[in-house]
Amino acid sequence: GRSVGLTQKDITYRIYLDPGHGGDDSGADGLNSSEKRLNLIIGLYLKEALEQYENVKVGMTRKTDVYVGLHDRVKMAEEKDADLVISLHNDMWDNGLPYDNGSSVLVAKKGTYRDELRVQEERLARNILTELESIGLVNRGLVRRKSDRVPEYEDGSLGDYHAIIRDGIRCGIPSILVEHA
C-alpha cells in the first residue's frame, strides 16, 4: 500500500512489461517478421523510455526470444510487487476480429468483482490510445472479452477471456493488453 503524506515524486511506480508470445509461439506472422519479434523490440524500447523517469522501475517477462507461460506472466509481476502489467502485442488483419485494424487496448470486462481495477485499466488504456493515435495509428478503442468457459472470479462473476487480464484481476494488479497495430 501507498503511505499517506507522500507526494507523487516520492512514489516509485513498478511497471511490468510483457512482450507477448516468444520461443515456439511466434504470434501473428507477416511482412517478413513475426509478432513475437516486434513485441520484444517494442518492449525493450518502451523499457528504456520509461526508465528515463526517476520514479519508475520496469521489469519484463522476457528480454530474449523465450516462451513464458500465460499464467507465469502476471505471477512474475506479482512477485516483484508490480503496480501495473502491460502486455504488448501486434495483430494481423482478420475480418472476424473487432480489433483487427489499428490500435486497441484490451481491458477487464464491465461488472468484474474488482471494478476499481477496471476503472484504472480504462483510464490508462485511453491515454495509450491517444498517444498511439497521435503518431498516426487508427484508434480502435477499448476491447472487452468475457468467456463462458473460464472459471468464475471469487464473487461468482464470469471471468475475462485473456489470461493476462483475468490473472491481473485475481492478483489485484491492473493488467492490460495493447494491440499496437
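Which unit do S6, helix H3 (residues 115-134) and S7 make? Together they make a right-handed β-α-β unit, as one of the views below shows. The model is predicted: local features need pLDDT of at least 70, side-chain atom pairs count only at pLDDT 80 or more, and totals for chains, interfaces and linings use all residues. Residues are numbered from 1 along each chain as its sequence is written, and side-chain values use heavy atoms, with hydrogens and water left out.

**View 1. The open sheet of 6 strands.** The strand order is S4-S1-S5-S8-S6-S7, and the pairing is mixed. Strands (E, at least two residues) and helices (H or I, at least four residues) are DSSP runs, numbered from the N terminus; two strands pair if DSSP finds at least two bridges between them. Strand S4 (56-60) and S7 are the edge strands, each pairing on one side only. From one strand to the next, the twist averages 20°; angles run from 0 to 180 degrees between N-to-C directions, and axes are lines fitted to C-alpha atoms, for helices over the stretch in contact.

View 2. S6 pairs with strand S7 (residues 139-143) in the parallel sense over 3 bridges, where Val 105 has Leu 142 as its bridge partner. With strand S8 (residues 175-179), S6 pairs in the antiparallel sense over 3 bridges, and Glu 179 is the bridge partner of Ser 104. The crossover from S6 over H3 to S7 is right-handed: with the strands pointing away from the viewer, the path from the first strand over the helix to the second runs clockwise.

**View 3. Strand S5 (residues 84-89) beside S8, with helix H4.** S5 and S8 pair in the parallel sense over 5 bridges, and Val 85 of S5 has Ser 175 of S8 as its bridge partner. H4 packs on the sheet, touching S1, S5, S6 and S8, and its direction makes about 160° with that of S8; contact means heavy atoms within 4.5 Å.

**View 4. Packing of helix H2 (residues 70-79) with helix H4 (residues 163-171).** The two helices pack at an angle of about 40°, their axes 9 Å apart. Residues in the contact include Leu 70, Val 74 and Glu 78 of H2, and Ile 164, Asp 167 and Cys 171 of H4.
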